[in-house]
Amino acid sequence: MHMRTVIATAVLLTLAITGCSSPGGGAPQDSPRGAGIQLDGVEVREYKGEKLGSVNDFRENSIKGPQSVDKATYKLTVTGLVNEPREYAY
């Protein structure tokens with residue numbers, strides 16, 4: 001996946017999670033932030049003048065092919081240059 005596609009996806013997810021309709025926007029004044037807001041499905045094709053690939057352009061390029069994850073035992077550990085190392089379960 002291209003980095004620009006990842007950034008565009010992250011922007012869309014952030015907007016969806018926060019309940020914003022656009023960058024710098026917000027929830028309507030008559031409702032609590034994010035309550036009952038339905039966002040239209042959109043695909044960002046350009047960001048800051050850079051053309052972005054489609055989210056459908058994903059190519060599987062791992063050596064072993066798609067891998068399965070055991071949700072019961074999966075752990076994500078965040079260490080290194082972070083203030084507080086953390087571990088997350090699926």
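Tyrosine 90 is exposed in this predicted model, with a relative accessible area of 60%. Exposure is assigned because this value lies over the 50% cut-off.

A search of the whole structure finds 1 aromatic pair. Its members are tyrosine 74 and tyrosine 90, whose ring centres lie 5.9 Å apart; the planes meet at 85°, so the arrangement is edge-to-face. This pair links distant parts of the chain, 16 residues apart: tyrosine 74 belongs to the loop between strand E2 (50-51) and E3, whereas tyrosine 90 is in the segment after strand E4 (86-89). Tyrosine 74 itself is partly exposed, its relative accessible area being 33%.

Both tyrosines also take part in a nonpolar surface patch of about 510 Å², which is made by Val69, Tyr74, Leu76, Tyr88 and Tyr90. Leucine 76, one of these residues, is located in strand E3, which covers residues 75-78.

The chain contains 1 helix and 4 strands, and their order along the sequence is α-β-β-β-β. Of its 90 residues, 10% count as buried. The chain exposes about 7800 Å², of which carbon and sulfur atoms supply 54%. Among contacts with a separation of 6 or more, 26% are between residues 24 or more positions apart.

Terms used
Residues numbered from 1 in each chain as written. Predicted model: local features only at pLDDT ≥ 70, side-chain atom pairs only at ≥ 80, totals over all residues. Heavy atoms only, no water. Helix = DSSP H or I, 4+ residues; strand = E, 2+ residues; numbered from the N terminus. Buried < 20%, exposed > 50% of the residue type's maximum accessible area, 1.4 Å probe, protein only. Contact = heavy atoms within 4.5 Å. Areas by Shrake-Rupley, 256 points an atom, 1.4 Å probe, with all protein chains shown as cover. Patch = residues over 30% accessible without salt bridge, like charges linked within 9 Å, V, L, I, M, F, W, Y side chains within 5 Å. Salt bridge = Lys/Arg side-chain N within 4 Å of Asp/Glu carboxyl O. Phe/Tyr/Trp six-rings, centres within 6.5 Å; stacked < 30°, edge-to-face > 60°.
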